[in-house]
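Visitor: I have a chain open on my screen and would like to talk through how it packs. Could you go through it with me?
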Amino acid sequence: MASRSPVFERMLTSDMKESKENNPIINDIKAKNVHDMLNYMYTNIVEDLPKKATDLMPVAEKYELTRLKEMCSKALIKARIFLITFLYNPRIGAFWSYLK
């Protein structure tokens, strides 16, 4: 963990409690997000990232996971582009009206 995150490195190699006990405590992030963060740290993969990017972005920021932050940013940008295209494309708008 320390090799992937400067925050964990500081936690585990300093005089902090986490270092002395070799047990970092993460109590301000939902368990599913911790699971996804750890999975990313060990595999470089986040399953269903487009669905999880909003929740993982603050985690990536907090733990200084630069690559994960970039991945989340790209996923969020793609989602916004899709939404804008959907809302402003007359053909899609007409199709959407037809479905209502």
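This is a predicted model: local features need pLDDT of at least 70, side-chain atom pairs count only at pLDDT 80 or more; totals for chains, interfaces and linings use all residues.

Visitor: OK, zooming out a bit, at what angle do H3 and H4 pack?
Guide: Helix H3, which covers residues 31-43, packs against helix H4, residues 49-62, at an angle of about 75°, and their axes are 10 Å apart. That angle makes H3 roughly perpendicular to H4, because angles of 65 to 115 degrees count as roughly perpendicular.

Visitor: Which residues make the contact?
Guide: On the H3 side the contact is made by Lys32, Asn33, Asp36 and Met37, while H4 brings in Lys52, Asp55, Leu56 and Val59. Sorted by class, the contact of H3 with H4 has four charged residues, three nonpolar ones and one polar one.

Visitor: Switching to rings: how many aromatic pairs does the count come to?
Guide: The count comes to one aromatic pair. It is formed by Phe8 and Tyr63, which are stacked, at 4.7 Å centre to centre and with 5° between the planes.

Visitor: Where do Phe8 and Tyr63 sit in the chain?
Guide: Phe8 belongs to helix H1 (residues 6-13), whereas Tyr63 is in the loop between H4 and helix H5 (66-88), so that the pair links distant parts of the chain, 55 residues apart.

Visitor: Are those two buried or exposed?
Guide: Phe8 is buried, with a relative accessible area of 0%, and Tyr63 is buried as well, with a relative accessible area of 1%.

Visitor: What lies over the face of Tyr40?
Guide: Arg4 lies over the face of Tyr40, at 5.1 Å from the ring centre.

Visitor: Last topic, the chain as a whole: how many helices and strands?
Guide: The secondary structure comes to six helices and zero strands. Buried residues make up 25% of the 100 residues in the protein chain, and among contacts between residues at least 6 apart in sequence, 41% join residues at least 24 apart.

Note on methods
Residues are numbered from 1 along each chain as its sequence is written. Side-chain values use heavy atoms; hydrogens and water are left out. Axes are lines fitted to C-alpha atoms, for helices over the stretch in contact, and angles run from 0 to 180 degrees between N-to-C directions. Helices (H or I, at least four residues) and strands (E, at least two) are DSSP runs, numbered from the N terminus. Angles under 35 degrees count as roughly parallel, over 145 as roughly antiparallel, 65 to 115 as roughly perpendicular and the rest as oblique. Contact means heavy atoms within 4.5 Å. Ala, Val, Leu, Ile, Met, Phe, Trp, Tyr, Cys and Pro count as nonpolar, Asp, Glu, Lys and Arg as charged, and the others, Gly among them, as polar. Rings of Phe, Tyr and Trp (its six-membered ring) pair if their centres lie within 6.5 Å; planes under 30 degrees apart count as stacked, over 60 as edge-to-face and the rest as tilted. Buried means under 20% relative accessible area, exposed over 50%, partly exposed in between (1.4 Å probe, protein chains only). A charge sits over a ring if NZ of Lys or CZ of Arg is within 6 Å of the ring centre and within 35 degrees of the ring normal.
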